[in-house]
Amino acid sequence: MTRLTGSVLRLTVYVGENDTWHHRPLSSEIVHRARAAGLAGASVFRGVEGFGASSVVHTSRLLSLSEDLPVAVVVVDTEERVRAFLPELDTLVTDGLVLLDRCEAVRYVSHEEPR
């Protein structure tokens, strides 16, 4: 059983929905690498509207033709483990934003599943 409580580091990677790594969605590649690195967990959240450095607004509203919506990949684990994962992102994220912030995990309990 895995337990994660107390001080943790949250890694959030903002990329575009259409960003890829070797013909695979970039967000999926980040999640799979986080899992391979043994991190506590990762989730991908699709935005409904947003803009980045280009200042072009991407939206999911019906009248918009934009399909490259913002995506946030969130990973949480101990600071040591998250920081050890950062070099993985150096080659993956060529256009996007990577944030780190300290958080407090109140409850995270997981029954180990075979990999």
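Reader: Where does H22 lie?
Author: H22 lies in the loop between β3 and β4 (24-25). This is a predicted model.

Reader: Why does H22 count as exposed?
Author: Exposed means over 50% relative accessible area. H22 has 64% relative accessibility, so H22 counts as exposed.

Reader: What is the phi of H22?
Author: Phi is positive, about 50 degrees, although H22 is not a glycine.

Reader: And H23, what makes it count as exposed?
Author: H23 is found in the loop between β3 and β4 too. The cut-off is over 50%. H23 has 84% relative accessibility and therefore counts as exposed. Its phi is also positive, near 70 degrees, in a residue other than glycine.

Reader: Turn to the sheet. Which strands form it, and in what order?
Author: The order is β5-β8-β2-β9. These 4 strands form an open sheet with antiparallel pairing.

Reader: Why are β5 and β9 called edge strands?
Author: Each of β5 and β9 pairs on one side only. The twist averages 25 degrees from one strand to the next.

Reader: What about β5 and β8, how many bridges do they have?
Author: Strand β5 (residues 42-46) and β8 pair over 5 bridges, again antiparallel. The requirement is at least two, so this counts as pairing. A42 of the chain stands opposite V75 in β8.

Reader: What makes β8 largely enclosed by the rest of the structure?
Author: The count does: 6 of the 8 residues of β8 are buried, so the rest of the structure largely encloses this strand.

Reader: Why is T12 called buried?
Author: T12 lies in strand β2. Buried means under 20%. The relative accessible area of T12 is 8%, so T12 is buried.

Reader: What is T12 in contact with?
Author: Neighbours within four places in sequence are left aside here. T12 is then in contact with A72, V73, V74, L97, V98 and L99.

Reader: Why does S27 count as buried?
Author: S27 lies in helix α1. The relative accessibility of S27 is 15%. The cut-off is under 20%, so the label is buried. Leaving aside neighbours within four places, S27 is in contact with V44, V71 and V73.

Reader: How does the span of α2 compare with what is expected?
Author: Helix α2 (residues 79-92) has 14 residues. From first C-alpha to last it reaches 20 Å, close to the 20 Å expected at 1.5 Å a residue.

Reader: Where does α2 bend?
Author: α2 bends by about 30 degrees at L86. A proline, P87, follows within four residues.

Reader: Which residues of α2 are buried, and under what cut-off?
Author: V82, F85, L89 and L92 are buried in α2. Each is therefore under 20% relative accessible area.

Reader: What do the buried residues of α2 pack against?
Author: They pack against β2 (6-16), β3 (20-21), α1 (26-36), β8 (70-77) and β9 (97-105).

Reader: What makes D95 exposed?
Author: D95 is found in the loop between α2 and β9. Its relative accessible area is 57%. That is over 50%, so D95 is exposed.

Reader: What does D95 touch, residues up to four places away not counted?
Author: D95 touches V15 and D19. D95 and D19 are 76 residues apart in sequence, and 8.6 Å apart in space, C-alpha to C-alpha.

Reader: Step back. How many helices and strands are there in the protein?
Author: There are 2 helices and 10 strands. From the N terminus on, the elements run β-β-β-β-α-β-β-β-β-α-β-β.

Reader: What percentage of the residues count as buried?
Author: 25% of the 115 residues count as buried.

Note on methods. Residues are numbered from 1 along each chain as its sequence is written. This is a predicted model: local features need pLDDT of at least 70, side-chain atom pairs count only at pLDDT 80 or more; totals for chains, interfaces and linings use all residues. Side-chain values use heavy atoms; hydrogens and water are left out. The expected span of a helix is 1.5 Å times one less than its number of residues. The bend at a residue is the angle between axes fitted to the seven residues ending there and the seven starting there. Buried means under 20% relative accessible area, exposed over 50%, partly exposed in between (1.4 Å probe, protein chains only). Contact means heavy atoms within 4.5 Å. Axes are lines fitted to C-alpha atoms, for helices over the stretch in contact, and angles run from 0 to 180 degrees between N-to-C directions.
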